[in-house]
Amino acid sequence: MTSKFSQVFLASVLALAALLAGCSKAPTEADLNLATAKQKAEECVEPENVIRTKHMDMLMHQRDATMIEGIRTKQHSLKECINCHVSATKQDGSPLHYGDKEHFCTTCHAAVGQKIDCFQCHADRPDVAQNQNYQHAVGSTEGHHFTQGVTEAAAPTTAEVQMVTQPQQGAAQ
Amino acid sequence: MSQNRVDEYRRKFVTALGGVAAAATVAPGFFLREAQAAGEVPTRSLDQAVTSEKRWGMLIDITKLTDGGAGMVEACKKEHGWDNNPLSRDDQKAHWARVVNVKDKLTGHSFSLPVMCQHCENPPCVDVCPTGASMKRADGIVQVNKHICIGCRYCMMACPYKARSFVHEPLTDQRSYSPRGMGTVESCNMCIHRIDEGRLPACVEAAPDAVIFGDLNDPNSAVSQALKAMGGKQIRADLNLNTGVRYHGI
């Protein structure tokens with residue numbers, strides 16, 4: 001009984017160690033498909049070792065902060081991960097979805113056997129038609145990265161200001 | 001800040017009209033016209049939690065809605081993309097907002113109005129939720145925290161306005177700002193993503209002549225002023241839910 005338990009225990013420790021080892025051993029860039037993000041930014045919203053091991057906690061925290069308190073900082077926002085890391089289409093022009101091997105979040109999760117349900121609801125690629133300007137550069141006026149916790153509200157874009165200040169169709173009738 | 005610009009524009013517009021013979025026709029609707037499409041940009045910084053200082057609400061003047069609210073419903077559909085359920089039966093399909101036709105059988109008098117989540121101060125859907133997913137945010141917006149929704153649908157039963165629906169089929173390519181997925185309940189969230197950015201809800205934007213949106217807690221806001229001047233009815237006022245969505249002309 002005890003020996004069986006210790007066997008199982010040992011096995012799981014080994015499995016965990018293997019998993020951790022898999023994580024700390026830097027997978028090659030091709031495996032991870034970092035190209036899309038690298039076109040847009042120098043580095044991630046957190047140092048590499050932090051984002052690799054803690055992104056799940058950050059996302060879960062951000063999730064509750066947004067839903068319950070209305071906090072909408074961009075640093076740990078799921079929408080922003082997707083905007084920066086995922087391109088809307090594959091190289092052949094067909095839509096790129098979570099589950100495809102090119103999808104940034106899939107690359108790693110497939111390797112470590114992690115299943116997530118986030119993309120049953122969340123868009124797994126940027127919606128280009130809706131919002132053409134999503135590809136803001138880090139350090140632009142939206143500069144929200146690396147300012148953990150003290151992010152200012154993003155200033156409304158001109159289009160948004162217009163939407164509020166100008167009459168909509170019908171208003172002038 | 002932009003509020004002032006709106007007013008400035010309206011004033012110019014109303015005086016311009018006044019110069020012509022239209023003054024008399026404009027006058028009765030003056031309040032609505034003056035304040036229409038008035039968005040109140042939150043002064044809140046987005047790293048701060050919302051507080052109960054504001055309570056968002058709207059007044060819908062159905063006498064000014066020539067289409068009974070169909071345009072508002074369309075705008076909502078487009079914004080949140082809830083029209084993508086081909087596999088569901090008609091009575092299962094998503095309806096964040098719908099046009100309700102009312103007819104008095106005795107007199108034959110009839111009218112239509114758009115009905116969506118009424119954003120109650122005392123929401124029955126929140127009372128019955130076993131997980132806390134059905135929630136009221138501090139600023140009065142009632143929504144589903146889908147992350148902890150188990151899809152039991154008690155809230156759908158409890159809602160006197162039939163405002164909620166359930167997603168029965170797998171979805172793809174949802175709007176990035178409006179995640180929706182199978183197995184969870186959903187409803188109008190007053191375009192919470194827009195409000196947080198200081199933009200008007202999509203339906204309000206689609207019917208600027210007929211809807212005023214704003215802070216019900218601020219007696220000087222356009223919507224409070226309009227409510228003070230014109231009244232504004234709650235649907236099923238007898239339930240004492242103190243709804244955030246009010247109607248004129250029903």
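**Aromatic pairs and their surroundings**

I began with Phe213(B), which is buried, at a relative accessible area of 2%. The model is a predicted one, so I am reading computed values throughout.

Next I asked which ring pairs with Phe213(B). The partner is Trp56(B), and the two are stacked, with 5.3 Å from centre to centre and 10° between the planes. I then looked up where they lie: Trp56(B) is in strand E1 (residues 56–61) of chain B and Phe213(B) in strand E8 (residues 211–215) of chain B. They are 157 residues apart, and the pair links distant parts of the chain. Trp56(B) counts as buried too, at 3% relative accessibility.

How many aromatic pairs does the whole structure hold? My search over all chains gave 2. Tyr98(A) and Phe119(A) also form a pair, a tilted one, 4.8 Å centre to centre and with 40° between the planes. Tyr98(A) sits in the loop between helix H5 (78–85) and helix H6 (104–112) of chain A, and Phe119(A) in the loop between H6 and helix H7 (158–165) of chain A, so this pair ties together parts 21 residues apart in sequence. Is each ring buried or exposed? Tyr98(A) is partly exposed at 21% relative accessible area, while Phe119(A), at 11%, counts as buried.

I also noted a charge over a ring: Arg153(B) lies over the face of Phe166(B), 3.7 Å from the ring centre.

**The core**

I turned to the largest nonpolar core, which has 45 residues. Met58(B), Ile60(B) and Tyr247(B) have the most contacts inside it. Several elements of chain B each supply at least two of its residues, among them E1, helix H4 (70–80), E8 and strand E9 (245–248).

**A kinked helix in chain A**

My last stop was helix H4 (residues 48–69) of chain A, which has a kink of about 70° centred on Lys54(A). Its buried residues are Ile51(A), Met58(A), Gln62(A), Ala65(A), Thr66(A) and Met67(A).

What do the buried residues of H4(A) pack against? I found them against strand E4 (134–136) and E5 of chain B. After H4(A) comes Gly70(A), with a positive phi near 75°.

Terms used. Residues numbered from 1 in each chain as written. Chains lettered and ligands numbered in written order. Predicted model: local features only at pLDDT ≥ 70, side-chain atom pairs only at ≥ 80, totals over all residues. Heavy atoms only, no water. Phe/Tyr/Trp six-rings, centres within 6.5 Å; stacked < 30°, edge-to-face > 60°. Helix = DSSP H or I, 4+ residues; strand = E, 2+ residues; numbered from the N terminus. Buried < 20%, exposed > 50% of the residue type's maximum accessible area, 1.4 Å probe, protein only. Lys NZ or Arg CZ within 6 Å of the ring centre and 35° of its normal. Core = buried A, V, L, I, M, F, W, Y, C linked by side-chain atoms within 4.5 Å. Bend = angle between axes of the 7 residues up to and from the residue. Contact = heavy atoms within 4.5 Å.
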